[in-house]
Amino acid sequence: MKKIEAIIKPFKLDDVREALADIGIAGMTVSEVKGFGRQKGHTELYRGAEYMVDFLPKVKLEIVIAEDMVDSAIEAIIETAKTGKIGDGKIFVSPVERVIRIRTEEENEEAI
């Protein structure tokens, strides 16, 4: 099993969720996060004063899936989240040793 963490632009969330549902991925955790990479924030004007916004709003998706679905999930995320502009986000893939569904105590792939 693998865990995919994807940091994307907030307005792309619905498109990415639908694309993942289309390939059979139903469960995910979504968090509103803030951060910056190469964008390094931006300046905004408020009541005549200019100030720096260091952390930009993003959405973080967390998905735990079987290893054979990883490539198709990554492809779906890239195809739907990509705008071609700076700040499109990142995808991180890491191994998952064990998953347990609390209600039934099912483990690993049966639990996801």
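The legends below describe close-up views of a predicted model of one protein chain.

**Figure 1. Overall arrangement of the predicted chain.** The model is a prediction, and its protein chain contains two helices and six strands. Read from the N terminus, the elements follow the order β-α-β-β-β-β-α-β. Of the 112 residues in the protein chain, 30% are buried. Among contacts with a separation of 6 or more, 70% are between residues 24 or more positions apart.

**Figure 2. The largest nonpolar core.** This core has 17 residues, and those with the most contacts inside it are Ile8, Val16, Leu20, Leu61, Ile65 and Ile77. At least two residues of the core are supplied by each of strand S1 (2–8), helix H1 (13–22), strand S5 (56–65) and helix H2 (70–81). Helix H2 provides the largest share, with five residues. In soluble globular proteins, nonpolar side chains tend to be buried together.

**Figure 3. Surroundings of Val16.** Val16 is one of the residues with the most contacts inside the largest nonpolar core. Beyond residues up to four places away in sequence, Val16 touches Ile8, Leu61, Ile77, Thr80 and Ala81. Two of these elements of the picture, helix H1 (13–22) and helix H2 (70–81), each supply at least two residues of the core.

**Figure 4. Asp88 in the loop between H2 and S6.** Asp88 is situated in the loop that links H2 to strand S6 (89–95). Is this aspartate buried or exposed? Asp88 counts as buried because its relative accessible area is 16%, below the 20% limit for a buried residue. A polar atom of the Asp88 side chain lies 2.9 Å from the backbone nitrogen of Gly84. With residues up to four places away in sequence left out, Asp88 touches Ile7, Ile8, Lys9, Ala81, Lys82 and Thr83. One of these partners, Ile8, is also among the residues with the most contacts inside the largest nonpolar core.

**Figure 5. Glu5 on strand S1.** Glu5 belongs to strand S1. With a relative accessible area of 18%, Glu5 is classed as buried. Which side chain forms a polar contact of 3.0 Å with that of Glu5? The partner is the side chain of Lys60. Residues up to four places away in sequence aside, Glu5 touches Lys60, Leu61, Glu62, Lys90, Ile91 and Phe92.

**Figure 6. Lys90 on strand S6.** Lys90 is part of strand S6. This lysine is exposed, because its relative accessible area of 54% is over the 50% limit. Lys90 is in contact with Glu5, Ala6 and Ile7 when neighbours within four places in sequence are set aside. Its C-alpha atom is 7.0 Å from that of Ile8, although 82 residues separate Lys90 and Ile8 in sequence.

**Figure 7. Phe92 on strand S6.** Phe92 also lies in strand S6. A relative accessibility of 44% places Phe92 in the partly exposed class. Excluding residues up to four places away in sequence, Phe92 touches Lys3, Ile4, Glu5 and Ile7. Phe92 and Ala6 are 86 residues apart along the chain, and their C-alpha atoms are separated by 6.3 Å.

**Figure 8. Glu67 in the loop between S5 and H2.** Glu67 occupies the loop between S5 and H2. Glu67 is exposed, with a relative accessible area of 51%. Its contacts, leaving out neighbours within four places in sequence, are with Met1 and Lys2. Glu67 and Lys2 stand 65 residues apart in sequence, yet the distance between their C-alpha atoms is 5.8 Å.

**Figure 9. The second largest pocket.** The volume of this pocket is about 210 Å³. Of its 13 lining residues, Gly27, Ile63, Val64, Ile65 and Ile112 are the closest to the pocket centre. Which element gives the most to the lining of the second largest pocket? Strand S5 does, with four residues. The lining comprises eight nonpolar, three polar and two charged residues. Ile65, one of the residues closest to the pocket centre, is also among those with the most contacts inside the largest nonpolar core.

Key: Residues numbered from 1 in each chain as written. Predicted model: local features only at pLDDT ≥ 70, side-chain atom pairs only at ≥ 80, totals over all residues. Heavy atoms only, no water. Core = buried A, V, L, I, M, F, W, Y, C linked by side-chain atoms within 4.5 Å. Buried < 20%, exposed > 50% of the residue type's maximum accessible area, 1.4 Å probe, protein only. Contact = heavy atoms within 4.5 Å. Polar contact = N/O pair within 3.5 Å; in protein donor to acceptor, adjacent residues only side chain to side chain. 1 Å grid on protein atoms, 1.4 Å probe; cavity = no way out; pocket = protein on both sides within 12 Å on 5 of 7 lines; lining within 4 Å. Points joined across faces, edges and corners; volume = space filled by probe spheres on them. Nonpolar A, V, L, I, M, F, W, Y, C, P; charged D, E, K, R; others polar.
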